[in-house]
Amino acid sequence: MPVTAVSASPQQYLQLLSRWHPLEIAFWLATLLPFVLFPTYLSLGSQIAVAALFALSLDLILGYAGVVSLGHAAFFGIGAYSAGLFSKFVWGEPFSGLLVAAAIAALVGYASSFIVARFRHLTLIMITLGLGLLLHEAANSANWLTGGSDGLQGINIWPLLGLFKFDLYGTTAYAYALGVLFIVFLMARRLINSPFGLALRGIRENWVRMPAIGANSRGHIRKIYTISAGVAGVAGAVIAQTTSTVSLEALSFERSADVLVMLVLGGAGRLYGGLVGAAIFMIARDQFSGIAPQYWYFWIGILLVAVVMFLPNGILGGLSKIITRLRGR
Amino acid sequence: MSATALSTRGLSMSFGSLVVARDIELSLPVGARYALIGPNGAGKTTLINLMTGVLTPKTGKIFLGNDDITALEPQSRVRRGLARTFQINTLFAGLNPLEAVTLAVAERRSIAAKFWQKIATHKEVIEEAYEILVKLKLGDCCYQPTRELPYGRQRLLEIALALATKPKVLLLDEPAAGVPREESGDIFEVVASLSNELTLLFIEHDMHVVFRFATHIIVLVGGAIFTQGSPADIAADPGVREVYLGNRKHA
């Protein structure tokens with residue numbers, strides 16, 4: 001907490017809480033470094049950006065509203081298939097495809113939010129898990145639409161702005177994924193600092209108290225679940241567009257579990273947690289699978305156990321604790 | 001008599017074979033200061049839970065003013081002016097008092113669903129929240145996370161959150177529960193200083209406090225109203241002494 005806040009008026013104080021920290025600016029500048037430092041890793045970079053976007057979407061419901069989901073890949077997959085099908089049957093312009101994918105994912109999110117908003121904890125985990133599995137099998141059996149286990153064929157994405165092709169080097173892909181991530185992040189950041197963001201934190205902090213201050217928690221949860229589904233859909237759409245492939249993996253349980261791991265590693269409820277977690281997870285996967293491809297989850301397992309045991313609020317939570325302690329000295 | 005702020009008719013409720021509310025008929029006039037007393041397990045908190053909609057009565061009706069609110073959800077009752085506090089702190093541990101009360105004010109003003117404007121731009125909401133905090137002597141610690149506040153301050157925040165909903169009727173469930181006696185006076189000073197238009201019902205075990213602040217006392221025993229009346233009536237009632245006061249070591 002900034003020391004200057006003590007003398008600030010309540011309004012100024014809340015303003016201070018939402019202002020940009022120099023570390024945040026440094027973080028976003030650092031995301032540009034791969035263009036110069038690791039030009040051969042830009043494909044990985046775009047995958048990280050997509051994973052980060054997906055983790056951000058989960059953070060909105062889990063980190064802020066305390067809504068646990070083990071089936072969030074449903075919306076990622078819906079976004080991916082929507083973007084792929086849109087390019088196949090309508091046209092290949094990426095931005096419109098992205099918006100359509102987001103809208104469809106959000107719509108499905110809205111429909112399922114009526115179930116989701118009624119439950120908490122273990123019940124909710126099981127319901128989201130069930131919905132995710134259901135959708136995975138539905139996509140598997142809808143061969144005529146999704147291509148089933150062969151994946152979706154015939155995706156054709158036009159060059160970005162009519163100029164930049166999504167090539168094998170991944171330069172366009174990384175720029176696109178990073179740009180989308182940044183814009184969505186700005187929106188999420190704005191949302192978190194809004195009255196609605198405060199209400200979400202209220203739900204996370206005390207579900208019982210909310211109705212006693214006149215809050216319609218279910219309405220809030222329906223809303224954030226819809227938004228989160230839309231963001232997950234955007235993440236799915238970006239992966240479909242930048243790789244020109246969509247497979248059932250996009251809807252898989254593993255993807256739902258992975259994104260949860262990323263968020264927990266980085267630290268839920270602080271917007272950057274998912275981003276940092278996604279980067280660590282994806283880089284670890286890239287490096288460890290180089291050592292022994294079939295065993296790389298072993299290392300993720302160790303990392304996860306270590307983080308949860310020693311840094312219960314994730315890596316970012318641990319870092320901020322250390323910084324606070326140093327400042328306090 | 002003046003107009004009625006809150007009333008119940010034939011309110012009954014049971015958990016299995018245990019009757020926790022038996023045909024409860026209450027009527028709180030506007031501006032009243034009612035105390036609800038009774039031995040442990042008499043159903044005092046249950047009655048508050050019934051009136052606020054946390055529990056659904058088996059039979060009976062609840063009226064806020066002239067409106068039947070029996071079927072309304074808890075949050076809708078709050079929006080109509082029926083607020084409560086909790087016997088066990090039910091606060092937003094990770095928010096500071098300013099954020100928590102700002103949230104409650106934002107909910108009341110129906111701006112809490114807005115996700116596109118920064119909270120800091122809602123000056124009137126923040127100022128209203130701060131005013132409430134200052135009134136409850138929480139102004140100097142309103143930037144501190146709630147979980148770090150001393151217990152007595154947390155009890156005051158319980159009341160601040162309820163006040164932020166601008167209630168017509170406020171139900172206080174042992175507002176000074178767990179607070180040392182020398183500090184519990186502070187909490188009741190705050191309660192006593194609340195507007196005369198606000199109708200109050202409070203549960204309290206300390207008879208000194210009850211007789212000092214209540215204008216009317218309801219004695220609840222075994223889920224039913226045993227008797228009710230002015231503090232003088234209740235003090236003189238031998239039946240009350242027997243079932244309630246007589247059982248207490250400190251009475």
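This text goes through the two chains of a predicted model, their folds and the places where they touch.

Chain A is built from helices: its secondary structure comes to 16 helices and 0 strands. The radius of gyration of chain A is 20 Å, close to the 20 Å that the globule rule gives for 329 residues, so chain A is as compact as a globular protein of that length.

Helix H9 (residues 171-192) and helix H12 (residues 217-243) of chain A have axes 10 Å apart and pack at an angle of about 170°. Angles over 145 degrees count as roughly antiparallel, and H9(A) and H12(A) are therefore roughly antiparallel to each other. On the H9(A) side, the contact is made by Ala173(A), Tyr176(A), Ala177(A), Val180(A) and Val184(A). These meet Val231(A), Val234(A), Val238(A) and Thr242(A) in H12(A). By class, the residues of this contact are 8 nonpolar and 1 polar, with no charged residue.

Chain B has both kinds of element, with 9 helices and 10 strands. Its radius of gyration is 18 Å, close to the 18 Å that the globule rule gives for 251 residues, so chain B is as compact as a globular protein of that length. The C-alpha trace of chain B spans about 60 × 40 × 40 Å along its principal axes.

The strands of chain B can be followed sheet by sheet. Strands of a sheet pair through backbone hydrogen bonds, either parallel or antiparallel. An open sheet of 4 strands in chain B has the order E2-E1-E4-E5, and its pairing is antiparallel. Strand E2 (18-29) and strand E5 (67-68) of chain B are its edge strands, each pairing on one side only. Within this sheet, strand E1 (residues 4-15) of chain B runs antiparallel to E2(B), and 8 bridges join the two. Two of the residue pairs can be named: Ser7(B) has Ser27(B) in E2(B) as its bridge partner, and Thr4(B) has Pro29(B) in E2(B). E1(B) and E2(B) form a hairpin with 2 residues between the strands, in which Gly16(B) takes a positive phi near 60°. Helix H1 (residues 44-52) of chain B lies across E1, E2 and strand E4 (59-64) of chain B. The direction of H1 is at about 65° to E2(B).

An open sheet of 6 strands in chain B has the order E6-E7-E8-E3-E9-E10, and here the pairing is mixed. The edges are strand E6 (82-84) and strand E10 (224-229) of chain B, each of which pairs on one side only. From one strand to the next, the twist averages 20°. Strand E3 (residues 33-37) and strand E9 (residues 216-221) of chain B pair in the parallel sense, over 4 bridges. In this pair, Ile37(B) has Val219(B) in E9(B) as its bridge partner.

Chain B can also be read as domains. It is divided into domain 1 (1-81 + 168-251) and domain 2 (90-166). Taken over C-alpha atoms, the centres of domain 1 and domain 2 of chain B are separated by 26 Å. The two domains touch through 9 residues of domain 1 of chain B and 9 residues of domain 2 of chain B. On the domain 1 side, helix H6 (residues 181-192) of chain B gives the most, with 3 residues. That side has 7 nonpolar, 1 polar and 1 charged residues.

The last topic is the contact between the chains. How many residues of chain B are in contact with chain A? There are 37, and they are in contact with 32 residues of chain A. On the side of chain B that touches chain A, the elements giving two or more residues are helix H2 (74-79), helix H3 (97-108) and helix H4 (123-135) of chain B. H3(B) gives the most to this side, with 8 residues. By class, the side of chain B that touches chain A has 22 nonpolar, 7 polar and 8 charged residues.

Definitions and conventions: Residues numbered from 1 in each chain as written. Chains lettered and ligands numbered in written order. Predicted model: local features only at pLDDT ≥ 70, side-chain atom pairs only at ≥ 80, totals over all residues. Pairing = 2+ DSSP bridges. Contact = placed C-beta atoms within 7 Å. Axes fitted to C-alpha atoms, helices over the stretch in contact; angles between N-to-C directions. Domains from an automatic or database assignment. Nonpolar A, V, L, I, M, F, W, Y, C, P; charged D, E, K, R; others polar. Parallel < 35°, antiparallel > 145°, perpendicular 65-115°, else oblique. Rg over C-alpha atoms; globule rule 2.2 N^0.38 Å.
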